[in-house]
Structures are given as C-alpha cells and as structure tokens.
Amino acid sequence: MSGGNGLGGADHGSAGRGPCTAPRTAPRTASRTAPRTGSRTAPRTAPQSCAGPLSDHYDAALLDLDGVVYLGGTPIPGAAPALAAASARGMKLAYVTNNASRTPHAIAAQLSAMGVPATATDIVTSAQAAAHLLADRLGAGSAVLVVGAAGLRLAVRERGLRPVTSAAAGPLAVVQGYSPHIDYGLLAEAALAINAGAWYVLSNADPTLPTPRGPQPGNGSLAQVLIHATGRQPVVAGKPEPPLHAESVERVGAKRPLVVGDRLDTDIEGAFRGGADSLLVLTGVTRPADLLLAPAEHRPSYVATDLAGLNASHPQVTAADGRFGCGGWTAAAGGPGEAWLAVSGSGAWIDGLRALCSAAWSAGLPPGSPEEQRRAAGLALAAIG
Ligand SMILES: [Mg+2]
C-alpha cells in the first residue's frame with residue numbers, strides 16, 4: 001500500500017512496500033498548526049514503487065518552484081512539458097512557495113512566461129498561509145504590523161485584517177516576511193509591539209535566499225533580529241512547518257497530494273511531517289550524496305532526476321539477504337573494513353541511485369566526520385557513473 005494521503009496524518013514509507021495501487025482516498029483532516037513528527041511509524045528504508053505514472057495515482061501535486069520549475073529565474077529544461085502532461089492526466093497543480101515577498105499574480109505571470117500556464121489561484125505562498133493563521137486567531141479588521149513586502153501586506157488584507165506600520169496602532173500581531181527593504185524603524189516598531197504582547201508570526205524561516213552570487217540572508221536570518229531583541233519565538237507558516245502545505249491542500253481540494261520539491265529540509269520534511277508522499281527532483285539544491293546520508297525525516301517517497309518523474313512509473317526496490325536491487329543494479333552495505341556501500345550492475349543511473357538509497361538507509365550512516373561521510377557517499381555514487 002502506498003503512504004500518506006496528505007498532510008494531516010503520519011504514515012511513512014518503509015522498505016518492501018508494494019506498488020502504489022491504492023485508490024485515491026478521502027483526505028484526512030489537515031491541521032494547519034499542529035506539527036507532526038512522524039514518530040509513530042518505522043523510518044523509510046527504501047524509495048517507494050508506483051506501477052503507473054505518479055500523475056495517475058495522486059490527484060494533486062504541491063510543487064515547489066525554485067529548483068523544481070525554474071532555477072534562479074531560468075526555466076528548468078523539460079519542466080513545462082512534464083507539468084502539461086501531468087495536468088492532461090488530471091493531476092491538479094499547485095505551486096507552493098516559501099517566498100512571501102512576491103504576489104501570486106507576479107509569480108503566476110512569471111510561470112506563464114516560462115510556458116507553465118498558471119493563474120494567481122494556482123500559487124500558494126507562505127504569506128497566505130501566515131495570513132490564514134492570523135485570521136484564524138484574530139477578529140476581522142484587527143491591526144497587524146507587517147514587516148515585509150507587498151505580497152505579505154496583500155495576503156494580510158485579503159484575510160480581512162488591517163496592515164499597520166506602528167506599535168502605536170495597537171497591533172494584535174506582528175507578521176514578518178522577507179523584504180530586501182526592511183529598515184530599522186520598522187523593526188523597532190515590531191519589537192515594541194511584540195514586547196507589548198503582539199503575537200509573532202513568520203511567513204517562513206529560511207536562513208538563506210539562493211541568488212546567482214551565492215546564498216544571502218533570508219527571512220529566518222532577518223527574524224533573528226526580533227527574536228534576539230524580544231526573546232520571543234515566532235510561529236512559522238512556511239515549509240517544513242505544516243500550515244503552508246495544509247493551505248495548499250485546502251486550495252486545490254486535494255484528496256491524495258504528492259509534495260514535489262528539491263530540498264530535503266523544507267519540501268520533503270514538510271511532506272513527512274504532514275504525512276504526505278513526496279517526490280524529490282535532483283534539479284535543485286539536493287545532491288545525490290545528500291540523499292544517501294539523509295535522516296529519516298528527509299527521505300522522500302520517490303526520487304527522479306527531474307519533473308519527468310511525475311509521469312513515470314517508479315520501479316520496485318527488491319530486498320533479499322541485505323541486498324537491494326533496482327533495475328540492473330544491486331547495492332548492499334559493505335562488510336567490516338570495506339567501503340560503506342557496495343554496488344554492482346548496470347542500467348539507468350536513477351535505478352542505481354534508488355538501490356543505493358535502500359542500502360544506505362538500511363545500513364545507517366558511515367562512521368567518521370561529516371566530510372568523511374560525504375566521501376563515503378561519493379565513492380558509492382561513483383560506481384554507478
Ligand atoms: Mg526549492
């Protein structure tokens with residue numbers, strides 16, 4: 001049986017699970033605030049199989065953008081036709097982003113210009129998830145001090161709340177999202193409001209923001225100013241916290257969502273915590289070595305080189321006597337004094353990776369420092385080409 005139905009329960013994969021033949025089933029009640037740890041089930045020790053295309057089996061894809069559909073603003077080759085094919089098979093597509101600075105209209109326009117037709121309602125932002133959290137707790141028309149950009153102010157207004165910029169306006173909450181133009185005066189007002197008892201909410205806690213020049217401080221880093229100054233910890237709406245994925249499930253009415261992303265610590269962990277299945281694509285930040293060394297909460301249900309994996313079946317990994325087979329490859333943990341993992345065979349590289357994931361996730365981490373562990377993973381990966 002396949003795994004979780006979606007972001008409301010914990011049902012995580014394990015080795016030897018059969019193909020995804022289960023019918024699309026009713027959603028669980030998604031909580032937008034209660035975090036889930038997934039500790040009720042055994043850790044996943046192998047990628048899952050799916051006898052047919054994922055886009056036939058799951059009714060909605062909750063797609064991350066950067067590293068999945070585009071990379072730093074440049075379309076990822078093959079993404080547009082893969083998404084069109086998934087949509088033609090009846091899969092609903094929602095684009096789910098931790099970016100709280102741009103409006104859904106702006107993001108939809110960018111996607112459409114890349115050949116990925118999208119409207120503002122197809123875009124779900126952490127700003128919207130944060131505004132939803134605020135609206136659940138505050139009365140209509142309540143003042144909210146917004147430390148952020150246009151996308152966040154709009155989301156707050158759309159939920160019937162009133163964005164303000166001063167502590168003197170008596171805000172019941174402070175909501176903070178990334179903006180490249182945050183100034184000291186606004187941070188000072190926010191600190192005063194939080195100290196006066198305002199609820200503190202963050203759109204997302206990403207420490208960095210990828211740019212062509214390298215990582216730059218993201219909202220999670222900017223938030224440290226207010227956390228340090230007030231001693232208060234915010235509630236976070238964005239991935240991997242549950243509210244954003246729950247908002248997305250609600251938006252598209254997904255009964256059996258598949259989270260699709262390129263980051264293990266946001267997209268995949270978010271799916272894990274919400275009890276949904278996930279597809280990792282290798283077009284963004286995650287390197288194959290990261291996958292082999294991933295802790296349980298970062299292990300995706302499926303792995304594919306790119307979004308073409310949405311419309312493909314995913315082969316079974318067979319396990320026998322500590323050896324894991326996929327396609328033409330067989331992988332196993334090395335013996336004492338040997339390399340961490342041993343792999344042999346030939347065939348599609350991605351099947352070799354799936355076999356290696358199973359061996360690695362079953363064996364546990366190799367000994368040594370993080371650098372030595374990465375070397376051990378690199379050695380295993382070199383053997384599949
Ligand atoms: Mg990404």
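The model is predicted: local features need pLDDT of at least 70, side-chain atom pairs count only at pLDDT 80 or more, and totals for chains, interfaces and linings use all residues. Residues are numbered from 1 along each chain as its sequence is written.

The secondary structure of the protein chain comprises 12 helices and 19 strands. Helices (H or I, at least four residues) and strands (E, at least two) are DSSP runs, numbered from the N terminus. Of the 385 residues in the protein chain, 52% are buried. A residue is buried if 20 or more other C-beta atoms lie within 10 Å of its own, exposed if 12 or fewer, and partly exposed in between, with C-beta atoms placed from the backbone. Among contacts with a separation of 6 or more, 71% join residues 24 or more positions apart. Two residues are in contact if their C-beta atoms, placed from the backbone, lie within 7 Å.

Strands pair if DSSP finds at least two bridges between them. Strand β6 (residues 143–147) pairs with β7 in the parallel sense over 3 bridges. Leu145 has Val164 in β7 as its bridge partner. Axes are lines fitted to C-alpha atoms, for helices over the stretch in contact, and angles run from 0 to 180 degrees between N-to-C directions.

α4 has 12 residues and reaches 17 Å from its first C-alpha to its last, close to the 16 Å expected at 1.5 Å a residue. The expected span is 1.5 Å times one less than the number of residues. In α4, 9 of the 12 residues are buried, so the helix is largely enclosed by the rest of the structure. The buried set is Ser126, Ala127, Gln128, Ala129, Ala130, Ala131, His132, Leu133 and Leu134.

Two packed helices are described by the angle between their axes and the distance between the axes. For α4 (residues 126–137) and α8 (residues 242–252), the axes come within 9 Å and cross at roughly 95 degrees. That makes α4 roughly perpendicular to α8. Angles of 65 to 115 degrees count as roughly perpendicular, under 35 as roughly parallel, over 145 as roughly antiparallel and the rest as oblique. Ser126, Gln128, Ala129, His132 and Leu133 in α4 meet Pro243, Leu244 and Glu247 in α8. The residues of this contact divide into 4 nonpolar, 3 polar and 1 charged. Ala, Val, Leu, Ile, Met, Phe, Trp, Tyr, Cys and Pro count as nonpolar, Asp, Glu, Lys and Arg as charged, and the others, Gly among them, as polar.

α8 also packs against helix α9 (residues 264–274), at an angle of about 75 degrees and with the axes 9 Å apart. Pro242, His245 and Ala246 in α8 meet Gly270, Arg273 and Gly274 in α9. Here the contact residues divide into 2 nonpolar, 3 polar and 1 charged.

In strand β13 (residues 257–261), 5 of the 5 residues are buried, so the strand is largely enclosed by the rest of the structure. Pro257, Val259 and Gly261 point one way, and Leu258 and Val260 the other way. β13 pairs in the parallel sense with strand β1 (residues 60–63) over 4 bridges. Ala60 stands opposite Pro257 in that pairing. Another 4 bridges join β13 to strand β14 (residues 277–281), again running parallel. Leu258 stands opposite Asp277 in β14.

An open sheet of 4 strands has the order β16-β17-β18-β19, with antiparallel pairing. β16 (318–320) and β19 (341–345) stand at its edges, each with a single partner strand, so one side of each lacks a neighbour in the sheet. The twist averages 20 degrees from one strand to the next. Helix α11 (residues 349–363) packs on the sheet and touches β16, β17 (323–326), β18 and β19. The direction of α11 makes about 15 degrees with that of β18. β17 and β18 are joined by 4 bridges. Phe324 has Ala331 in β18 as its bridge partner. The β17–β18 hairpin has 2 residues between the strands, and Gly327 takes a positive phi near 55 degrees. Strand β18 (residues 329–333) is joined to β19 by 5 bridges. Thr330 stands opposite Ser344 in β19, and Ala333 stands opposite Leu341.
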